[in-house]
Amino acid sequence: MASLRFYTSIKKALKLIGLSIPFVVMGIWFVTLPGSTEMDRFMGWAGILFFGLGVGIGTKQLFDRKVQIIIDENGIWDRSLKSGKIEWKYIHAAYPFDINGSKFISLVLDKEFESTIFQYKWATKLSHNQGAQKVNLNLAHVKADEKKLAAWINVALKKDIDERRALIKIKAKERF
């Protein structure tokens, strides 16, 4: 079965690690600096904890080789979603959106399928306030152009299973 598989981007993971390490080092410097005040030590520990989390997340992403998103002729599966595979018949449209530099693709779904997805009311309200839907593909750590991928999904929606399979085989060679 032909499919498009998206993995965590090594480049994005290294970028996160590289941007976090200098702040961790600076935090260590503030903590160990002779004559540092309580506030210096507090800010140092805050920097170490916050940016150390960035180093940890980046390292996890660097070594995480599990597939994040799979698109095949039957539907779309995103590892971060708890809804399982979303069949093409339930998807009406897709559009890209951005929240503070994090890229997403919002999927407009059939009410029948959407009702099976549990989401807290505050999360649903927050999503709608941001211009998102109940189900969004997170591309923040995946190497893919959200505009091209959303446009491709909208084209694939209008095809039958055989045409979609052919589209996937063509796109698998090109990538996004």
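**Close-up views of a predicted model**

View 1. Glu 146 and Lys 103 form a salt bridge with their closest N and O atoms 4.0 Å apart; the term stands for a side-chain nitrogen of Lys or Arg within 4 Å of a carboxyl oxygen of Asp or Glu. This pair links distant parts of the chain, since Glu 146 lies in helix α5 and Lys 103 in strand β6, 43 residues apart. (Helices, H or I of at least four residues, and strands, E of at least two, are DSSP runs numbered from the N terminus.) This is a predicted model, in which local features need pLDDT of at least 70 and side-chain atom pairs count only at pLDDT 80 or more, while totals for chains, interfaces and linings use all residues. Residues are numbered from 1 along each chain as its sequence is written, and side-chain values use heavy atoms, leaving out hydrogens and water. Lys 103 also meets Asp 98 in a salt bridge (2.6 Å, N to O). Glu 146 is buried at 11% relative accessible area, whereas Asp 98 is partly exposed at 38%. (Buried means under 20%, exposed over 50%, and partly exposed in between, with a 1.4 Å probe and protein chains only.)

View 2. The side chains of Arg 165 and Asp 162 meet at 2.9 Å, N to O. These two are separated by about one helical turn because they sit three residues apart in helix α6 (residues 161-174). In the whole structure there are eight salt bridges.

**View 3. The largest nonpolar core.** A nonpolar core is a set of buried Ala, Val, Leu, Ile, Met, Phe, Trp, Tyr and Cys residues joined through side-chain atoms within 4.5 Å. Of the 26 residues in this one, Ile 71, Ile 76, Trp 88, Ile 105, Leu 107 and Ile 153 touch the most other members. The largest share, six residues, comes from α5. Look for Ile 153, whose contacts (heavy atoms within 4.5 Å) include Ala 94 and Leu 137, not counting residues up to four places away in sequence.

**View 4. Asp 64 in its loop.** Asp 64 sits between α2 (38-63) and β2 (67-72), and is buried at 12% relative accessible area. Beyond residues up to four places away in sequence, Asp 64 touches Thr 8 and Arg 79.
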